[in-house]
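Student: Could you go through this structure with me?

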Amino acid sequence: MEEYHSGDEVAFNPDEASNAVKECIEGVIGGVDYNQNKVNQWTASIVEHSLTQLVKQGKPFKYIVNCAVMQKSGAGLHTANSCYWDTTTDGSCTVRWENRTMYCVVSVFAVAVSL
């Protein structure tokens, strides 16, 4: 487990998290076409890599990462989330990524750990 920086409270930075997640998505499914036989592997890999990158930032948060991959077929996909937490430290971000054959939506939730 990574060491957390001690000191003042740290607020969640959604831009840093979004950038880390985008890199993970690109690394796993960038440049490939949708394949239903690989979706479980892709989603697991995306959430594991994203979580690893978030933890490497060394900030005092517990993270929840959720990923959905959907084939482009003209069907609608709607998602929503709601959280009850300390808005001064905790936060979330959602990354929407697509290529010509699929959509990928990753949500990250970060809850501050009081040390």
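Tutor: We shall discuss the salt bridges and then the nonpolar core.

Tutor: This is a predicted model, in which local features need pLDDT of at least 70 and side-chain atom pairs count only at pLDDT 80 or more, while totals for chains, interfaces and linings use all residues. Residues are numbered from 1 along each chain as its sequence is written, and side-chain values use heavy atoms, leaving out hydrogens and water.

Student: How many salt bridges does the structure hold?

Tutor: The structure holds 4 salt bridges (a side-chain nitrogen of Lys or Arg within 4 Å of a carboxyl oxygen of Asp or Glu). One of them joins Asp 33 and Arg 100, with the closest N and O atoms 2.9 Å apart. These two residues are 67 residues apart in the chain.

Student: Is Arg 100 buried or exposed?

Tutor: Arg 100 is exposed, at 66% relative accessible area. Buried means under 20%, exposed over 50% and partly exposed in between, with a 1.4 Å probe and protein chains only. Asp 33, at 39%, is partly exposed.

Student: Which residues are linked in a network of salt bridges?

Tutor: Lys 72, Arg 96 and Glu 98 form that network. Glu 98 pairs with Lys 72 at 2.6 Å and with Arg 96 at 3.0 Å, both N to O.

Student: Now the core: which residues touch the most other members?

Tutor: Among them are Ile 25, Ile 46 and Cys 104, in a largest nonpolar core of 23 residues. Such a core is a set of buried Ala, Val, Leu, Ile, Met, Phe, Trp, Tyr and Cys residues joined through side-chain atoms within 4.5 Å.

How values were computed: Helix = DSSP H or I, 4+ residues; strand = E, 2+ residues; numbered from the N terminus.
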